[in-house]
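I opened a new notebook page for this chain.

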Amino acid sequence: MGVCAAGMSVATSLIGCIPASNGGAAMLLGLKVAQGLFVSGEGPAAVVYAIERSHRATAGVTGTSLFVSAVYVGILLASVVTLMVASCISEAQYIAWGWRIPFLMAVPLGVLMYGLRNSLPETEVLSLS
């Protein structure tokens, strides 16, 4: 449990470590593919977990609406953080190294997410099997 969550964080944080020299584009491509694969594993698992933990009458609505809402809130927060970083440093600094800051923030967020993901109790359906 939590492998996809950890993988998303590692891939995202490694994007912030890509060298500006030769090979950077290939590394970026590889990390974006890995990031997408981990997200495609974690997303459906989160929806299934939310549905299984929800009340039967609202399970479908709760599971899907929470997941979709979380995706858009995440996009909004990422945009706000990027805007804040860009507004606190000069354009030259942002181009040189500032763009890495939001990606490197995945390290502490990934540790938090991994801990939260592993502290969730198993669902009743999984416990019965």
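This is a predicted model: local features need pLDDT of at least 70, side-chain atom pairs count only at pLDDT 80 or more; totals for chains, interfaces and linings use all residues.

**Entry 1: α1 and α6**

I began with helix α1, residues 3-15, and helix α6, residues 106-119. Their axes are 9 Å apart, and the packing angle is about 180°. That makes α1 roughly antiparallel to α6, because angles over 145 degrees count as such. I then looked up who meets whom. From α1 I wrote down A5, A6, M8, S9, T12 and S13. From α6 I wrote down A106, V107, G110, M113 and Y114. I sorted these residues by class and got seven nonpolar, four polar and no charged.

**Entry 2: α1 and α2**

Next I turned to α1 and α2. I found their axes 8 Å apart, with an angle of about 155°. That makes α1 roughly antiparallel to α2. I checked the hand of this crossing, and it is left-handed. On the α1 side I listed V3, C4, A5, G7, M8, A11, T12, L14 and I15. On the α2 side I listed L28, L31, K32, A34, Q35, F38, V39, G41 and E42. The classes here are 12 nonpolar, four polar and two charged.

**Entry 3: α2 and α3**

I followed α2, residues 24-53, on to its contact with α3, residues 59-88. The two axes come within 8 Å and cross at roughly 145°. Which hand does the crossing of α2 and α3 have, left or right? I looked, and it is right-handed. α2 brings G43, A46, V47, A50 and I51 to the contact. α3 brings A59, G63 and F67. I counted six nonpolar, two polar and no charged residues.

**Entry 4: the whole chain**

How many helices and strands does the chain have? I found seven helices and zero strands. Along the sequence the pattern reads α-α-α-α-α-α-α.

I looked up the dimensions next. The C-alpha atoms fill a box of roughly 55 × 30 × 20 Å along the principal axes. The radius of gyration is 17 Å, whereas a compact globule of 129 residues would have one near 14 Å.

Two percentages close the page. Buried residues make up 23% of the 129 residues. Of the contacts with a separation of 6 or more, 63% join residues 24 or more positions apart.

Notes: Residues are numbered from 1 along each chain as its sequence is written. Side-chain values use heavy atoms; hydrogens and water are left out. Axes are lines fitted to C-alpha atoms, for helices over the stretch in contact, and angles run from 0 to 180 degrees between N-to-C directions. Helices (H or I, at least four residues) and strands (E, at least two) are DSSP runs, numbered from the N terminus. A crossing is left-handed if the near helix is turned anticlockwise from the far one by less than a right angle, and right-handed if clockwise. Contact means heavy atoms within 4.5 Å. Ala, Val, Leu, Ile, Met, Phe, Trp, Tyr, Cys and Pro count as nonpolar, Asp, Glu, Lys and Arg as charged, and the others, Gly among them, as polar. Angles under 35 degrees count as roughly parallel, over 145 as roughly antiparallel, 65 to 115 as roughly perpendicular and the rest as oblique. The radius of gyration is taken over C-alpha atoms; the globule rule is 2.2 Å times the number of residues to the power 0.38. Buried means under 20% relative accessible area, exposed over 50%, partly exposed in between (1.4 Å probe, protein chains only).
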